[in-house]
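Student: I have a model open on my screen and would like to understand the words used to describe it. Could we go through it together?

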Amino acid sequence: MRQKELRIALVCYGGVSLAVYMHGVTKELWKLASASRAFHSNDEPAEGVQGVYRELLETIGRDHALKLRVLPDILAGASAGGINAVFLAQAIHSGQSLEPLTDLWLSTADVERLVDPDAEPVWRFAKYWAQPIAWWLLKRPGNAVSESVAPETQAEVRRKVSQFIRGRWFEPPFSGIGFSRLLFDAFSAMADGPCGKPLLPANHPIDLMVTATDFRGHLELLRLNSPPVVEESEHRLPVAFSARAPGSGGHDLADPLELTFAARATASFPGAFPPLRLQEIDRLAGERDVEWTGRQRFLERVMPVNTRQGSVEGISLIDGSVLVNKPFEGAIEALRGRPAQREVDRRFVYIDPRPDRTQTLRERVDEPVGFFGVILGSLSTIPREQPIRDNLEVLERQSHEAERHQAMIAALRPDVEAAVEKLFGLTLFLDRPTPKRLHAWRAKAQQAAAERAGYAFQSYAQAKFTAIVEDLAQIVFDAARDLDLPDARPIAQHLRTALARQGLDRLSAPSGGASPAAIAFFRAHDVGFRVRRLRLLTRRLSREWDADPDIPDAAVEEAREAIYAILALYFDRENVGNLGDDFATTSAGVMKDPVAVIDALAERRLLPEVDEKAERMLAEALERMPKNLRRLMLLTYLGFPFYDTATLPLVRENALTEFDPIKVDRISPDDARTIREGGTRATLRGIEFYNFGAFFSRAYRENDYLWGRLHGAERMIDLVCSTVEGDLKLDPAAFKRKVFLAILEEERPRLRADPGLLERIRNEVLSR
């Protein structure tokens with residue numbers, strides 16, 4: 001059976017109270033990933049929603065001979081959407097339940113629970129003089145409540161808004177420490193609840209990034225032509241976490257205090273909550289009697305400039321969506337160097353609760369813009385709704401580059417295979433491929449490819465050399481952040497100068513091919529070449545030889561597992577964490593002694609030793625293969641230097657990212673219309689009162705959360721089915737109906753604010 005991973009990078013927008021809807025969507029992703037993990041672990045089938053997802057995966061396996069695993073491994077978010085990303089990442093990494101976050105949204109995400117006790121009106125007639133203002137805002141004809149809130153909820157909203165007006169003025173109404181307590185207690189409830197296995201395979205990377213805004217900003221160095229370097233203020237502050245999935249459940253992604261910091265900072269809505277300061281998290285730790293043991297390391301990693309400048313204790317963080325409401329960039333950055341255990345279908349999935357705003361633009365394009373509209377739009381609305389076109393164009397370029405690279409390799413294949421056969425003759429396919437022979441064959445093929453490239457070899461060698469030096473510089477820059485440099489480019493230039501003094505100013509030998517110094521350098525540092533070669537094998541195994549009727553499926557799968565096991569050896573050498581705790585100290589001296597740092601990297605990564613182990617593993621795998629598959633593997637493995645010399649100078653990426661093109665999917669009410677047409681306006685209530693509506697009514701929160709689950713389930717089934725190539729043999733509509741009814745049954749004990757909600761939607765499902 002062919003295996004594939006559906007890897008999901010999830011981006012959660014900021015959306016004020018529509019974050020409750022986004023939580024419903026993320027909960028379905030969590031349930032789908034849980035069902036996928038159980039399916040691959042051969043656990044007992046679950047009931048309810050997870051049972052439906054399990055049945056879907058089993059049906060695809062039976063009808064399409066495809067064993068699919070769903071892996072949400074990159075999470076990014078902003079504002080209240082960032083809270084969903086943080087909690088989902090914790091659940092994925094730890095195996096804990098996401099249910100406590102549901103309780104947080106439904107029970108405590110209400111203005112009456114969030115308001116600071118010091119901001120509440122002291123007595124009934126507090127600020128009696130403010131009653132005319134309250135009447136003007138809340139009851140006059142055409143007022144904000146009448147225009148944007150449903151009639152049945154207007155009285156509740158007016159009562160709660162009136163409390164704000166009669167409470168303290170010119171200070172945030174909501175409690176910062178109260179918000180932090182709610183978040184931390186939700187993490188504690190997750191830890192105290194049921195816990196299963198992590199939702200990712202052991203040692204698989206998981207990346208989380210949420211945005212925050214440094215209100216006062218910090219100084220960053222900016223490179224110019226003249227003057228060479230200037231200081232600029234930077235207000236964007238991403239809070240990121242990277243980890244490897246553990247082998248067992250119950251392990252936190254990070255210290256719960258740090259996760260609380262991230263969630264509280266990204267959702268610190270201006271004017272509603274006070275800015276987050278470190279003293280608030282310190283106070284929380286004291287109240288909960290827990291020690292923040294990694295406090296200094298966390299601050300140095302997340303706020304390195306503020307830490308060096310001594311300003312970290314006074315930093316004030318506000319909502320991340322002020323500057324970055326749609327954090328695609330961080331998610332794209334996390335793609336680099338991700339390992340692959342089998343064929344990968346990479347998706348970027350973003351949740352957009354309000355795609356209907358484009359309709360508003362069409363309806364109101366001729367209306368003049370008022371005084372306050374200009375101010376509010378410039379400060380809030382426009383930055384939050386800036387389109388993601390730039391981010392998607394980056395993904396599109398990467399995908400186009402991958403497709404272009406694949407097309408070039410396919411066109412070169414007949415000539416390359418003929419060259420390999422001529423170079424080695426029939427003995428290649430008659431001799432037993434021992435590690436010693438593989439080493440000799442590989443060296444002979446690389447030398448022949450270099451010599452036949454002629455003058456083009458110099459550009460190929462320079463492309464390799466430049467990419468390696470830049471990668472080494474980035475590793476050093478990331479390890480030694482105290483160098484006070486704007487980026488890794490000065491390090492790269494310093495390394496390049498030092499290497500030139502060692503004879504690497506010219507890479508080709510007079511007789512053709514690489515010089516001895518270049519060969520030694522590439523053997524010690526060129527991880528990219530090894531990874532590209534193995535990934536070409538995995539692609540051909542998954543996309544070509546898998547469909548060959550003359551090659552047994554079991555042989556292809558065994559070969560695929562062997563190649564991915566070899567790839568893992570090289571991925572371990574790319575991990576900065578494997579370079580030793582003292583590497584940061586070594587890296588700090590790069591500007592004084594760059595050669596020592598280069599030598600340290602070579603000694604710690606030991607690529608020639610890895611090559612020996614890789615060749616032993618490959619020789620053993622080739623020995624077990626049928627002759628036809630062995631022949632194809634050898635033609636590709638030994639032909640790779642010919643492919644690489646021809647294509648590497650023509651591609652912009654160093655092919656260290658996931659090999660296949662990336663697809664982008666949206667989840668929104670407009671994309672899930674199986675139950676009800678009309679999109680956002682027909683389903684969500686939180687859009688009322690300028691997207692704050694759900695914070696004023698539990699009935700609204702329950703409605704939006706439920707529709708988030710229903711829409712999320714529909715799109716999860718769409719995503720899973722879209723990974724199947726060829727004609728789909730199952731009926732997605734039947735599975736959607738099953739999962740809708742299962743969701744409604746699961747939520748029956750919880751959703752009580754609107755007694756008729758579940759039954760109304762159930763009737764709509766049954767009528768379809």
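Predicted model: local features only at pLDDT ≥ 70, side-chain atom pairs only at ≥ 80, totals over all residues.

Student: What makes Ser175 count as buried or exposed?

Tutor: The cut-off for buried is under 20% relative accessible area. Ser175 has 6% relative accessibility, so Ser175 counts as buried. Its C-alpha is also 8.6 Å from that of Ala272, although 97 residues separate Ser175 and Ala272 in sequence.

Student: How do you know how H21 and H26 are oriented to each other?

Tutor: Helix H21 (residues 489-504) and helix H26 (residues 594-605) pack at about 85°, and their axes are 9 Å apart. Angles of 65 to 115 degrees count as roughly perpendicular, and H21 and H26 are therefore described as roughly perpendicular to each other.

Student: Which residues meet there?

Tutor: From H21 come His494, Leu495, Ala498, Leu499 and Gln502, and they meet Pro594, Val595 and Ile598 of H26. The residues of this contact of H21 with H26 comprise six nonpolar, two polar and no charged.

Student: Why are the buried residues of H22 said to be on the same side?

Tutor: In helix H22 (residues 516-525), the buried residues are Ala518, Phe521, Phe522, Ala524 and His525. Their arc around the axis is only 165°, so they sit on the same side of H22. These buried residues of H22 pack against helix H20 (456-479), H21, helix H23 (527-543), H26 and helix H27 (607-624).

Student: And the strands: what makes S2 "mostly covered"?

Tutor: Twelve of the 13 residues in strand S2 (residues 66-78) are buried.

Student: How do you know that S1 and S3 pair with S2?

Tutor: Two strands pair if DSSP finds at least two bridges between them. Strand S1 (residues 2-12) runs parallel to S2 and is joined to S2 by eleven bridges, with Cys12 opposite Gly77 in S2. Five bridges join S2 to strand S3 (residues 205-223), again parallel, and there Ile74 stands opposite Asp207 in S3.

Student: What joins S3 to S4, and in which sense do they run?

Tutor: S3 and strand S4 (residues 229-244) share 15 bridges in the antiparallel sense. One example is Val210, whose bridge partner in S4 is Val239. S3 and S4 form a hairpin, with five residues between them.

Terms used: Residues numbered from 1 in each chain as written. Heavy atoms only, no water. Axes fitted to C-alpha atoms, helices over the stretch in contact; angles between N-to-C directions. Helix = DSSP H or I, 4+ residues; strand = E, 2+ residues; numbered from the N terminus. Parallel < 35°, antiparallel > 145°, perpendicular 65-115°, else oblique. Contact = heavy atoms within 4.5 Å. Nonpolar A, V, L, I, M, F, W, Y, C, P; charged D, E, K, R; others polar. Buried < 20%, exposed > 50% of the residue type's maximum accessible area, 1.4 Å probe, protein only. Arc of directions from axis to C-beta.
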